[in-house]
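I set out to record what I looked up in one structure, entry by entry. The sequence and the model are shown first.

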Amino acid sequence: WWVANHVREGRREVNFSTWADLDVWRRARKLGDICEQVEEKEMPLPSYLLAHREAALSDAERQGICDWTKAEIARMGPLPPEPPGRGRGRGRGRERG
């Protein structure tokens, strides 16, 4: 149940199976969140690393993930104006989609 819960929580935050359904702002925000969480060593979750030490990321791997997220955001091109009422803060735990 523990692993299944981690998977469910992860998919709630970022589910690449439904990625194309997200608007460009939400995708950009989620990509930024991925980099931020990896840089701050919030991901992989410390509790996950207890059972899967091999999942620990090196500094080079963290940098590679952030480079990828930044390249994906750049590939989106100039973002259109953000719709009114959409905050720019981190949506983790608040925004679903």
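The entries below go from the whole chain to single residues.

**Entry 1. Ground rules.** I note that this is a predicted model, in which local features need pLDDT of at least 70 and side-chain atom pairs count only at pLDDT 80 or more, while totals for chains, interfaces and linings use all residues. Residues are numbered from 1 along each chain as its sequence is written, and side-chain values use heavy atoms, with hydrogens and water left out.

**Entry 2. Confidence.** I looked up pLDDT, the predictor's confidence in each residue, from 0 to 100. The chain has a mean pLDDT of 84, and 85% of its residues reach 70 or more.

**Entry 3. Overall build.** I counted secondary structure from DSSP runs, numbered from the N terminus: helices are H or I with at least four residues, strands are E with at least two. The chain has four helices and zero strands, in the order α-α-α-α along the sequence. For contacts I used heavy atoms within 4.5 Å. Of the contacts between residues at least 6 apart in sequence, 73% join residues at least 24 apart.

**Entry 4. Surface.** I took accessible areas from the Shrake-Rupley method with a 1.4 Å probe; for residues, only the protein chains shown count as cover. The chain exposes about 6700 Å² of accessible surface, and carbon and sulfur atoms hold 57% of that. For single residues, buried means under 20% relative accessible area, exposed over 50%, and partly exposed in between (1.4 Å probe, protein chains only). By this rule, 22% of the 97 residues are buried.

**Entry 5. The disulfide.** I searched the whole structure for disulfides (cysteine sulfur atoms within 2.5 Å) and found one. It joins C35 to C66, with 2.2 Å from S to S. Since C35 belongs to helix α2 (residues 24–39) and C66 to helix α4 (residues 59–75), the pair ties together parts that are 31 residues apart in sequence. The torsion about the S-S bond is about 110°, so I recorded the disulfide of C35 and C66 as right-handed. Are these cysteines buried or exposed? Both C35 and C66 are buried.

**Entry 6. The aromatic pair.** I looked for pairs among rings of Phe, Tyr and Trp (its six-membered ring) with centres within 6.5 Å; planes under 30 degrees apart count as stacked, over 60 as edge-to-face and the rest as tilted. The whole structure gives one aromatic pair. F16 and W19 form this tilted pair, with 5.1 Å from centre to centre and 45° between the planes. W19 is buried, at 16% relative accessibility.

**Entry 7. Salt bridges.** I defined a salt bridge as a side-chain nitrogen of Lys or Arg within 4 Å of a carboxyl oxygen of Asp or Glu. The structure holds two.

- R62 and D59 meet at 2.5 Å, N to O. They are three residues apart in helix α4, so about one helical turn separates them. R62 is buried at 12% relative accessibility, whereas D59 is exposed at 57%.
- R75 and E72 meet at 2.8 Å, N to O. These two are also three residues apart in helix α4, and therefore separated by about one helical turn. R75 is exposed at 65%, and E72 is partly exposed at 22%.

**Entry 8. The loop between α2 and α3.** I note for reference that most residues other than glycine have a negative phi, and most peptide bonds are trans. K41 lies in this loop and has a positive phi of about 60° although it is not a glycine. K41 is exposed, with a relative accessible area of 53%. P44 lies in the loop between α2 and α3 as well, and the peptide bond leading from M43 to P44 is cis, with omega near -10°.

**Entry 9. Helix α3.** L49 sits in helix α3 (residues 46–51) and is partly exposed, at 22% relative accessibility. Which residues does L49 touch, leaving aside those up to four places away in sequence? L49 touches P44, A55 and A56. P46 is also in helix α3 and is exposed at 54%.
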